[in-house]
Amino acid sequence: MGRLGWRGHFGGLAARLDGAFGADGIFAHDRLRFVDFVDDVEELLEEVARWEQGDEEAADGFEEYVLQRYARD
């Protein structure tokens, strides 16, 4: 996110997402819970939707969809 120049637009959220993956591109479960990561991504998508379209509803359902599809107990 920082490399894309988005760090300043999203008040620390981009920095948190940057640390979610290791250098090998694999999700870093030891640094961040997957459910917290998905929540953060949804917040980022809502912010982008507000910024681009003036309405965060474009991101509705993202978190629920991802957790139902990919989260494990």
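Let's start with a word we'll need: a residue is buried if its relative accessible area is under 20%, exposed if over 50%, and partly exposed in between, using a 1.4 Å probe and protein chains only. Take Ala20: at 0% relative accessibility, Ala20 counts as buried.

Before going on, a quick note on what you're looking at. This is a predicted model, where local features need pLDDT of at least 70 and side-chain atom pairs count only at pLDDT 80 or more, while totals for chains, interfaces and linings use all residues. Residues are numbered from 1 along each chain as its sequence is written, and side-chain values use heavy atoms, with hydrogens and water left out.

Now for the overall layout. The chain has three helices and zero strands, and reading along the sequence gives the pattern α-α-α. Helices here are DSSP runs of H or I with at least four residues, strands are runs of E with at least two, and both are numbered from the N terminus. Of the 73 residues in the chain, 26% are buried.

Where does Ala20 sit? You'll find Ala20 in the loop between helix 1 (13-18) and helix 2. Leaving aside neighbours within four places in sequence, Ala20 is in contact (heavy atoms within 4.5 Å) with Ile26, Phe27, Ala28, Leu32 and Phe37. Arg31 is eleven residues away from Ala20 along the chain, and their C-alpha atoms are separated by 6.9 Å.

Ala20 also belongs to the largest nonpolar core, together with Leu17, Phe27, Leu32, Phe37, Val38, Val41, Leu44 and Val66, nine residues in total. The largest share of this core, four residues, comes from helix 2. A nonpolar core is a set of buried Ala, Val, Leu, Ile, Met, Phe, Trp, Tyr and Cys residues joined through side-chain atoms within 4.5 Å. In soluble globular proteins, nonpolar side chains tend to be buried together. As for Val41, if you skip residues up to four places away in sequence, Val41 touches Leu17 and Phe62.

Next, look at how two of the helices pack. The axes of helix 2 (residues 34-53) and helix 3 (residues 62-70) come within 9 Å and cross at roughly 150°. That crossing makes helix 2 roughly antiparallel to helix 3. Axes are lines fitted to C-alpha atoms, for helices over the stretch in contact, and angles run from 0 to 180 degrees between N-to-C directions. Angles under 35 degrees count as roughly parallel, over 145 as roughly antiparallel, 65 to 115 as roughly perpendicular and the rest as oblique.

Which residues meet there? Helix 2 brings Phe34, Val35, Val38, Asp39, Val41, Glu42 and Leu45, and these meet Phe62, Glu63, Val66, Leu67 and Tyr70 in helix 3. Glu63 is a handy one to follow: apart from neighbours within four places in sequence, Glu63 is in contact with Val35, Val38, Asp39 and Glu42. Glu63 and Val35 are 28 residues apart in sequence, yet 8.5 Å apart in space, C-alpha to C-alpha.

Gln53 is in helix 2 and is exposed, with a relative accessible area of 59%. Glu57, in the loop between helix 2 and helix 3, is exposed too, at 54% relative accessibility. Glu57 lies eleven residues from Glu46 in sequence, with 7.2 Å between their C-alpha atoms.
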